[in-house]
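Reader: I have a fold open on my screen. Please show me how to read its features one by one.

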Amino acid sequence: MCPIFIEPQNQTGYSEFLLLGLSDDPEMQPLLFTLFLSMYLVIILGNLLIILAVISNSHLHTPMYYFLCNLSLADISFSTTTVPKMLVNLHTSSKSITYAGCLTQVTFFYLFGCLESLLLAVMAYDRLVAISQPLHYLVIMNLRPCGLLVLLSFFFSLLDSQLHYFMVSQLTFCADVEIPHFFCDFSQLLNLACSDNSTINILIYFIGAIFAGIPLSGILFSYYKIVSSILRVPSSGSKYKAFSTCGSHLSVVCLFYGTGLGAYLSSAVSSSQKKDVVASVMYTVVTPMLNPFIYSLRNRDIKSALWRMIRRIA
């Protein structure tokens, strides 16, 4: 299923924007290109290995790992939205991006960013059911509801992305648009627009409360119920075993929301554009790169499946 694009209406009269990127220093371009190419390849390889490990091992054909595969696909897609264009600009020393390309980046950025947030909420619910109702877990979380949860996550992410696409398409720019970022960041576009954005600002808070607030609230509520269930377990060994199944997910949640909140606070509090860019790198590049390591190092099933797959290839 592909995003349904509204026909773009270029209110600016400009056919392209300029992405100022990470650094203006020409000597830094090769170093940055090598660094981010390496990180992007780690993202692709790491997440693909997670997906292949789950597919190739029948013991991992469970709801938790089904959601993990979808999260890995979202990580690959999320980083692919911004990193390849940044690499092209670094390699060619070009800073341009077309108007249509900018709209496309905004659309897919919010599509996969929101999808990752919703999948993390779904995975928190999965852990809640597994811990609070272990005997009924496979009955409640069978293939049909799991597929429906992923489909609904994609649908709401698509809705979020189309709302942002529509808002950007309504902006008017009165001068050459130089975006102090390595991708078409929605907040930067809003700051550079010369049209009245009061309605869009209200929409942003409303959309943010729904598409960011509800998943985060769901995660917090799920972990509140998980902790309550674990505290009722009499054995300390059983408590540790129950909570250890949530360790990887909780680490990824903290990393995803921590870096996202850091980027938001950096842009809201600090006037330094470089700090904004560094904060954005953390959640658009570093987080998708670290997720496979978190799941492979903290999860014995994934670790053993990966070693089995590597031995089979070797």
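Author: Start with one term: contact means heavy atoms within 4.5 Å. Keep in mind too that this is a predicted model.

Reader: Which residues in H2 and H5 meet?

Author: On the H2 side they are Pro 63, Tyr 66, Phe 67 and Asn 70. Their partners in H5 are Cys 146, Gly 147, Leu 149 and Val 150. By class, the contact of H2 with H5 has six nonpolar residues, two polar ones and no charged ones.

Reader: How do I describe the way two helices pack?

Author: Two packed helices are described by the angle between their axes and the distance between the axes. Here, helix H2 covers residues 63–92 and helix H5 covers residues 143–169. They pack at an angle of about 25 degrees, with axes 11 Å apart. Angles under 35 degrees count as roughly parallel, so H2 and H5 are roughly parallel to each other. Their crossing is right-handed.

Reader: At what angle do H2 and H3 cross, and how close do their axes come?

Author: The axes of H2 and H3 cross at roughly 160 degrees and come within 9 Å. An angle over 145 counts as roughly antiparallel, so that is the label for H2 and H3. The crossing of H2 and H3 is left-handed. Their contact holds 15 nonpolar, six polar and five charged residues.

Reader: Now the sheet. In what order do the strands lie?

Author: The order is S2-S1-S3. These three strands form an open sheet with mixed pairing. Strand S2 (96–98) and strand S3 (178–179) are the edge strands, and each pairs on one side only.

Reader: How many bridges join S1 to S2, and how do these strands run?

Author: Three bridges join them, and the two strands run antiparallel. S1 covers residues 16–19. For a landmark, find Glu 16, which stands opposite Thr 98 in S2.

Reader: Which helix lies across S1, S2 and S3?

Author: That is helix H3, residues 99–132. H3 runs at about 80 degrees to S2.

Reader: Last point: confidence. Which elements have the highest and the lowest mean pLDDT?

Author: Read the whole before the parts. The mean pLDDT of the protein is 86, and 92% of its residues reach 70 or more. Among the elements, H5 has the highest mean, 95. Helix H8 (residues 236–244) has the lowest, 76. Over residues 1–10 the pLDDT is below 50. Beyond near neighbours in sequence, that stretch has 25 contacts in the model.

Notes: Residues are numbered from 1 along each chain as its sequence is written. This is a predicted model: local features need pLDDT of at least 70, side-chain atom pairs count only at pLDDT 80 or more; totals for chains, interfaces and linings use all residues. Side-chain values use heavy atoms; hydrogens and water are left out. Axes are lines fitted to C-alpha atoms, for helices over the stretch in contact, and angles run from 0 to 180 degrees between N-to-C directions. Helices (H or I, at least four residues) and strands (E, at least two) are DSSP runs, numbered from the N terminus. Angles under 35 degrees count as roughly parallel, over 145 as roughly antiparallel, 65 to 115 as roughly perpendicular and the rest as oblique. A crossing is left-handed if the near helix is turned anticlockwise from the far one by less than a right angle, and right-handed if clockwise. Ala, Val, Leu, Ile, Met, Phe, Trp, Tyr, Cys and Pro count as nonpolar, Asp, Glu, Lys and Arg as charged, and the others, Gly among them, as polar. Two strands pair if DSSP finds at least two bridges between them. pLDDT is the predictor's confidence in each residue, from 0 to 100.
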